[in-house]
2 protein chains.
Amino acid sequence: MQFHLNGFRAGDPDVSEAVEVADRPGQPRQQPGGIPEEVDVLIVGCGPAGLALAAQLAVFPDIKTRIVEQKPGPLLVGQADGVACRTMEMFHAYGFGERVLREAYWVNETTFWNPSETNPQKISRSRRIQDTEDGLSEFPHVILNQARVHDFFLDIMRQSPSQLEPDYARRVVGLSIDASERNGGASHPVTVTLELIDAEHADLGPEGQIETIKARYVVGCDGARSSVRRALGRVLHGDSGNQAWGVMDVLAVTNFPDVRLKSVIHSAHEGSVLIIPREGGYMVRLYIELGKLNENERVSSKNITTDHLIAAAQRIIRPYTMEVKEIAWWSVYEIAQGLCDKFDDVPVDEEASRLPHVFIAGDACHTHSPKAGQGMNVSMRDSFNLGWKLASVLRGRSAPVVLHTYSAERQAVAKELIDFDREFSKMFSASPTISSDSDGDAVDPAGFQKYFMQHGRYTAGTLTRYRPSLISADPTHQHLARGLIIGMRFHSAPVIRLADAKPVHLGHTVKADGRWRLFAFSGAEDPAGSSSGIRALCSFLSDSADSPLRQYTPPGADFDSVIDVRAVLQQAHRDLALETMPAFLMPRKGRYGLCDYEKMFCPDLKPDQNIFDMRGIDRDNGCMVVVRPDQHVAHVLPLTAYAELTAFFANFMTQRD
Amino acid sequence: MQFHLNGFRAGDPDVSEAVEVADRPGQPRQQPGGIPEEVDVLIVGCGPAGLALAAQLAVFPDIKTRIVEQKPGPLLVGQADGVACRTMEMFHAYGFGERVLREAYWVNETTFWNPSETNPQKISRSRRIQDTEDGLSEFPHVILNQARVHDFFLDIMRQSPSQLEPDYARRVVGLSIDASERNGGASHPVTVTLELIDAEHADLGPEGQIETIKARYVVGCDGARSSVRRALGRVLHGDSGNQAWGVMDVLAVTNFPDVRLKSVIHSAHEGSVLIIPREGGYMVRLYIELGKLNENERVSSKNITTDHLIAAAQRIIRPYTMEVKEIAWWSVYEIAQGLCDKFDDVPVDEEASRLPHVFIAGDACHTHSPKAGQGMNVSMRDSFNLGWKLASVLRGRSAPVVLHTYSAERQAVAKELIDFDREFSKMFSASPTISSDSDGDAVDPAGFQKYFMQHGRYTAGTLTRYRPSLISADPTHQHLARGLIIGMRFHSAPVIRLADAKPVHLGHTVKADGRWRLFAFSGAEDPAGSSSGIRALCSFLSDSADSPLRQYTPPGADFDSVIDVRAVLQQAHRDLALETMPAFLMPRKGRYGLCDYEKMFCPDLKPDQNIFDMRGIDRDNGCMVVVRPDQHVAHVLPLTAYAELTAFFANFMTQRD
């Protein structure tokens, strides 16, 4: 954490000073109580996608954001709980990774239970595996109540310079886009009509009161029944589910020995249960198979009660017993896959002539089963992808054309997810093949386990790879950094910070602050030498008129405020003299021109911890790795490829005035 | 973290439900606004010692605690900043270790600068060392503004069932002990008179208003000029300092290359500077030598300004330069050592006949230089020592005689500290010997560095060793656990939790919750076997009338609520079947009788991480290790030494009704 740059300030460094606005002196910008007539971004829905976006935008006090939600207040219980490794990396960028690590259940191992070979009426453990492969991420796969994830985002929003709070108890009843204004840039082409639906709670006006708000951009994070999606005329295409499931968070007493391990249980004839241990050491989530539905049958019509769910679970886990003492939350649902063709308001054939102004994210544009724990994760990563793009366009740093990449990148991710989920759910719900009894749909238990393991990287969220676009380069120079794949998330590795010898993770320098990163890995020579590649690159970045830093950093802003350059050197940290390194890597910042000492890193020399080896960096030549504000690798370039670097940013960045 | 034991509860699990009291229904016990007439414990002073004690006592809603402070509100800036490894262990027990780790500066290395051999007018780096030796603690040595440490304790208090808040703007003007009542136990023998000194701020009454409060126990944590100490007639004996120092927290621009490393700088003729980098990446603390004072001269008489301090620092660090941009806080002081003979109200010759009711802690009973970063640390550890003892006596678990051990244990620690500080300060302030110029007082730079390194364990706080007493056994069986020394803090080591395969630190099970711990390390045999040492011990603890758990656990309370038993097994966690282990190690707890699965641990089999090897546990026979609520090892015993275990607790515990 860096703070006190512009002077010592007492108190919690996570709490920003509120930014006042000219028209409401003495008050921070986004005090609740009354929706303004115009905003830059209106977010609809306080689920994971909406809050991740709001928390991202709240750090920019120059962007006027509002988030509305039809529920009367924050979520307290239930819904999603899986947090994939990749999502933990993202949480860390927002600043609350440690809180989640402390409070969550850690999924360390997964066990598989199947009908016993000797007595198929009983289940027996067939396999026990490590849940996440070593080295996949510096973070574990964890489980935490979605409501707590919301709380952490709400804290980030509250502590931000904008002091952003949701406006609850408001339902979208209308959305229109003014076609004449929508490519104008300076205008507010989207008009949204909101209805107050719980006046007593919101204390803001009579129930049914209508508010109208004009926005530059609207993002629908309003779930599977999204009003925003409907207003765009988009549809969730897909299969209606015909497999019913129940889910329960319970406090229970059981003699099932793996109740504190994630356990996949297939009984011979009673169906399946997935056991997900929960935070706090006592609670456990059960996903319980409730059998196939008929064509057009809805699970809600079956009047399933918690007694049904408990009885089903008890039958499946025989010979073990389970006595449920308290049900914290429960639900029934059918598995249904659904996907929108596009995640914005621009038809495919109008992309060249029209810029997007309305977006949809999360369940509003993709739905699937909760079984692989992907929903909340993919939804938040949707808005992590969109947030920095909106911010960079609104702040005049990127051309609005980058906004097309949101739908292009995330719709492809969602498509993969739907395909994965279809296969995974099918295998999950199939009866296990057992010697005494099998039918055509049955799945070999070993086959399911193999599928589960093969897709561990996928479910961890680390396989997402964006295709080449104006913000994601072709892999021409990928061989210079074989472990930092263009299009994929920057895979962190341990390093030692040169100035203070602190062991840190290089990837943790990539905060959710809208900045681009340029990691310069040094070649074989002494980086302090007068002709070293690092020094030459620093000279280019610092002095050349073609330097992206010179072109895009606003006058008066810190030189790392748009593109943050960090160097990774090959030498041990005690073998380099700080004072001999290029001054560019100790930039002077803030009102006092203080030196930022956190730009240079050296390898951790403990066994198997050297970042150059872990990430396949070309030790002879070094390289540049360009990382997007959402932590995805955008480019890998030779250390000397100044023109290519300039050309890459020129694709989409806006020169400063 | 364990929570939801007695039912699911939404929200932050660190925030306890407030406990209501009979005489003020609807209100939590310790709402601010008006001091009650009687309390169990009155703490005087909101420094580190007072707050560590208040935070410890606040978790017990059955203890009525108040803490008063003469300042009008919480500390915002300045004073101490060093947090030793041992203190980090303690912070983790309170529950805020992660917050400190995230926010603090980490002291990774220390450098030593001395007059250059070629040109003694300039300083040059003579050595660079690792600050803390590997394996000394699982936590680093860190630096953080004392005000933030206060904030974390205040949060713990606020979130506790007592919702304890300090009563500010109150000065102690009288303290008396009723001799007739003081051994009564049920009475409130101490009367304290408080004067309101900042009525406007406190909003509680007219300035000068007097409040009288009766307490069972009073703890003076009110600093070097302690009113409580004065009321006891105790004196800080020691040397008046004749060495003046200045201290400044600055934002500065410098070309001194080690400004982000802890640096000890001795110039040839201009004195010494100690550089302590600070949290946030920009601020730095400077301790600046200001020369010897004359007999009876006070540093305050010298009218030293920040300009003097800056000029002195600039002379000392030549040839490097430093331009100070902002001074966040500064002070001047003379080094003085002082120590009280006893830390309570009972004269040495009356210990057999009288019980203590008033205690002093922190600077109230020991003062010394801040140079070795010990003050805040030792003060908080004073009250960590006292807190559980007060709680256990007030809750009827321990005989009041244990309260004598506070002064006995902590006065000895303070005595060692004063002796260390005298030597350390002398060496620090001495001129370095240089070839061209030396006098009798000069210290060889290599000698100072060697002294610094030799005392690394001492300054880390991990060498503290309490002498045998009724709560700390003789080391008869120490050979069974050579690395867990009786009297010293329980040195944590990594383990794998059996039920959920989570890698954790065994020592982190020792929370600041007033409970004793009994770690049972298994011998060579299968712990699940019918005659294993672990199983036999479990039978004794569970069933025998002599079992300390049966004797001291109140009726209806969880069986681990007084003595928390945890087993450490030798087998790899996948080689043990949970369901075959003694049921005693999966205790049923809370209103639902839920199973606590966090009592069994296995070694971490990564290289050099096996707890049995790291802590020298006898692998053939195993052993028991008894740990006090303040994390110090109280006893090491053979696994079969039931009678000795019973006898140890019988020394001081109170049988349940």
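Predicted model: local features only at pLDDT ≥ 70, side-chain atom pairs only at ≥ 80, totals over all residues.
## Where the chains meet

Let's begin with the interface. On chain B, 66 residues are in contact with 66 residues of chain A. Between them the two chains bury about 5,700 Å², and 56% of that area is on carbon and sulfur atoms. On the chain B side, the residues that lose the most area to chain A are B:Phe8, B:Arg102 and B:Tyr282, which together account for 15% of what that side buries.

Chain B and chain A share eight salt bridges, and 20 residue pairs are in polar contact between them, both partners being at pLDDT 80 or more. One salt bridge to display joins the side chains of A:Arg102 and B:Asp14, with N to O at 2.6 Å. Several elements of chain B give two or more residues to the side that touches chain A, including helix H3 (97–103), helix H4 (146–159), strand E8 (123–130), strand E13 (243–254) and strand E17 (322–334). Sorted by class, that side of chain B has 29 nonpolar, 14 polar and 23 charged residues.

## Salt bridges within the chains

Over all chains, the count comes to 108 salt bridges. In chain A, A:Asp345 pairs with A:Arg354, and their closest N and O atoms are 3.3 Å apart. Is this pair buried or exposed? The cut-off for buried is under 20% relative accessible area. A:Asp345 counts as buried because its relative accessibility is 7%, and A:Arg354 is buried because its relative accessible area is 10%.

For a charged group with several members, turn to the network of salt bridges in chain A that links A:Asp513, A:Arg515, A:Arg517, A:Asp560, A:Asp564, A:Arg566, A:Lys589, A:Asp596 and A:Lys599.

## A pair along helix H9

Helix H9 of chain A (residues 404–429) holds both A:Lys415 and A:Asp419, four residues apart, about one turn of the helix. These two side chains form a salt bridge whose closest N and O atoms are 3.1 Å apart. A:Lys415 is partly exposed, at 41% relative accessibility, and A:Asp419 is partly exposed as well, with a relative accessible area of 35%.

Now look at chain B. There, B:Lys415 and B:Asp419 lie in helix H9 (residues 404–429), four residues apart, about one turn of the helix. Their salt bridge has its closest N and O atoms 3.1 Å apart. With 40% relative accessibility, B:Lys415 counts as partly exposed, and B:Asp419 is partly exposed at 36%.

Which residues of helix H15 (residues 642–650) in chain A are buried? They are A:Leu645, A:Thr646, A:Phe648 and A:Phe649. Seen around the axis, these residues cover an arc of only 160 degrees, so they sit on the same side of H15(A).

What covers them? The cover over the buried residues of H15(A) includes helix H12 (533–543) and helix H13 (548–552) of chain A. It also includes four strands of chain A, namely E23 (516–521), E24 (563–568), E28 (623–627) and E29 (633–637).

Terms used:
Residues numbered from 1 in each chain as written. Chains lettered and ligands numbered in written order. Heavy atoms only, no water. Buried < 20%, exposed > 50% of the residue type's maximum accessible area, 1.4 Å probe, protein only. Arc of directions from axis to C-beta. Contact = heavy atoms within 4.5 Å. Salt bridge = Lys/Arg side-chain N within 4 Å of Asp/Glu carboxyl O. Buried area = accessible area lost by both parts, 1.4 Å probe. Polar contact = N/O pair within 3.5 Å; in protein donor to acceptor, adjacent residues only side chain to side chain. Nonpolar A, V, L, I, M, F, W, Y, C, P; charged D, E, K, R; others polar.
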